[in-house]
Structure formats: C-alpha cells, structure tokens
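Try each task before reading its solution.

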Amino acid sequence: MKIIHTIKELRDWRREAGSVAFVPTMGNLHEGHLALVREAAKRADKVVVSIFVNRLQFGQGEDFDRYPRTLEQDAAKLAGEGVAVLFAPSEQELYPRVAQQYNVEPPNLQNELCGAFRPGHFRGVATVVAKLFNIVEPDYACFGKKDYQQLAILQGMAADLNFRVEIVPVDIGRAADGLALSSRNQYLSEAERKQAPQLYRELQAIARAVENGNRDYAALEQQAAANLKQAGWQVDYVEIRHAGNLQVAHVGDGELVVLAAARLGNTRLIDNVEIHL
C-alpha cells in the first residue's frame with residue numbers, strides 16, 4: 001500500500017490506476033469503515049482511502065482538537081484490507097490558502113436535522129468531499145448510511161455538479177448489541193456504553209409501529225424522545241422523513257427513514273432505521 005501525502009503524487013498515481021473506488025474518512029478506523037473498504041474493493045481495480053480530519057465540518061466547541069489521530073494504526077488496518085493508496089494530506093496541502101474562500105453550499109436540507117444543531121457542518125462536508133472527488137477522480141465512492149443526511153446531501157451534490165462518480169450507500173455497521181459503530185463511541189463511559197443501544201431500540205420500535213399501520217408519526221416521535229429523556233439522554237431530534245430526499249413525512253406510505261440524534265453524557269450519537277412499506 002502506498003501512503004501519499006501530496007495532491008501531485010496522488011494525481012500522478014491516478015493516471016495509471018484504472019478504475020478506482022474511494023472511501024473518504026477522518027481516520028480512527030473501526031469495523032464500519034472497513035466494511036466500506038470491502039464494498040469498495042468489489043467495485044473497482046484499486047481502492048483509495050483518504051484520512052483527513054476536516055476542520056471545516058466542526059463547529060465551535062466541537063471535538064476537532066480531541067478527535068483521535070491514529071494514522072499508524074489506521075494504515076496497518078488498510079494494508080491488511082489490500083487498499084492500494086492511503087491519501088493522508090496535511091491541512092496545508094488541502095487548504096493552502098488557510099481559509100477556504102470558495103465553498104460548496106448545500107440546499108436548505110443542510111439546516112435541518114443534524115444541521116440545525118451543527119451550523120455549517122454540511123457545508124464543510126460537501127466542500128471537502130468535492131475537493132477530494134476532484135483530486136482522486138473516483139469511479140465509485142462509498143459512504144455509510146449511519147450518516148444518512150450526509151449521504152443524501154452528497155448524492156445531490158454529485159448529481160447537480162456532474163461529478164463522474166457513482167455514490168454507493170453501505171448499510172450501517174453495528175455492534176452485537178445494536179449500537180451503530182462510530183469513532184465517538186470510545187468517548188462513552190462503561191455505563192453509558194451499556195445504555196447506548198437504547199437509541200437503536202427506540203428507532204426499531206417506531207419502525208415496527210409504522211410497518212404495523214400506525215400513521216401518527218408525531219406521536220411516535222414524541223414518545224421515543226420522551227423515553228430517551230426519561231433515561232437521561234439529551235435529545236436533539238427524533239424524526240420520520242421520506243427516504244432519499246429527507247422531506248418531512250406526512251401520513252402516507254412510501255419508503256421512509258426514522259432518524260435521531262441525542263447526547264449521552266458528553267457524547268452525541270446518531271442513528272437511523274429505514275422503514276419499508
């Protein structure tokens with residue numbers, strides 16, 4: 001596996017690479033990331049994984065400075081998966097003018113759900129992914145469904161801006177007790193880790209209720225939020241939306257997704273469950 005730190009070297013390699021599948025990450029890799037890598041390997045001749053902790057997508061007071069940087073361990077995991085290139089640029093390499101003067105501005109969806117609690121987050125995500133797409137020029141790019149809103153925004157960006165890339169959604173990786181895999185899970189205390197799967201269970205309960213004919217979406221959302229709050233969670237939102245475009249779901253059938261974000265102690269967790277009617 002080649003470890004590349006500069007855009008020029010990556011572009012020189014890309015010219016001879018054949019088809020490429022790409023997995024952008026912020027590092028501190030876990031089994032969920034490796035599932036994306038394995039899906040990517042099915043799609044193309046070579047897999048490129050990027051590791052870059054993107055300052056633009058962190059808001060004031062968020063965990064940019066303490067986000068784990070584990071490049072050596074990550075590289076060993078990726079080499080074991082047969083990855084062709086690990087692209088690990090410095091901040092100066094990716095943002096040579098320090099402040100990014102031109103940004104990708106997503107539609108209003110960026111201000112809803114997680115965006116309502118993390119202003120500017122999805123602008124930062126869309127901007128860095130657009131830059132990485134331009135550098136890597138992948139044929140495929142794999143993203144996990146855990147970040148469902150991010151996935152929807154990046155699918156729209158790729159379509160509207162005519163990137164020559166197919167976005168590949170990959171199912172959520174979960175621990176044995178159902179907790180969605182996340183680098184932030186390591187911030188949980190032992191007691192919080194035992195409680196954390198409740199978020200998934202509440203979403204499963206909503207999905208079952210809807211699939212069994214309950215169409216009082218507001219009541220289902222409110223009950224799940226109340227259950228979490230009673231157990232000590234700080235709830236940002238629990239919402240049922242239309243899958244794909246993430247428009248607000250009103251009474252009716254169709255492909256849906258129930259999404260939630262909530263804090264357990266100081267750790268913010270997100271999850272979602274798709275609902276098939």
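**Exercise 1.** Classify R193 as buried or exposed, or in between, and find its salt-bridge partner.

*Solution.* Start with accessibility. R193 has 26% relative accessibility, so R193 counts as partly exposed. The cut-offs: buried is under 20% relative accessible area, exposed is over 50%, and partly exposed lies in between (1.4 Å probe, protein chains only). Next, the partner. R193 meets D177 in a salt bridge, 2.8 Å from N to O. The term requires a side-chain nitrogen of Lys or Arg within 4 Å of a carboxyl oxygen of Asp or Glu. Now locate both. R193 sits in helix α8 (residues 190–195), and D177 in the loop between β6 (166–170) and α8, 16 residues apart. Helices (H or I, at least four residues) and strands (E, at least two) are DSSP runs, numbered from the N terminus. Finally, D177 is partly exposed at 39%.

The model is predicted: local features need pLDDT of at least 70, side-chain atom pairs count only at pLDDT 80 or more, and totals for chains, interfaces and linings use all residues. Residues are numbered from 1 along each chain as its sequence is written, and side-chain values use heavy atoms, leaving out hydrogens and water.

**Exercise 2.** Explain how K8 and D12 are placed in helix α1.

*Solution.* K8 and D12 form a salt bridge, with the closest N and O atoms 2.9 Å apart. They are four residues apart in helix α1 (residues 7–14), so about one helical turn separates them. K8 is exposed at 59%. D12 is partly exposed at 30%.

**Exercise 3.** Which residues are linked with E39 in a network of salt bridges?

*Solution.* K42, R43 and E166 join E39 in the network. For the total, the structure holds 22 salt bridges.
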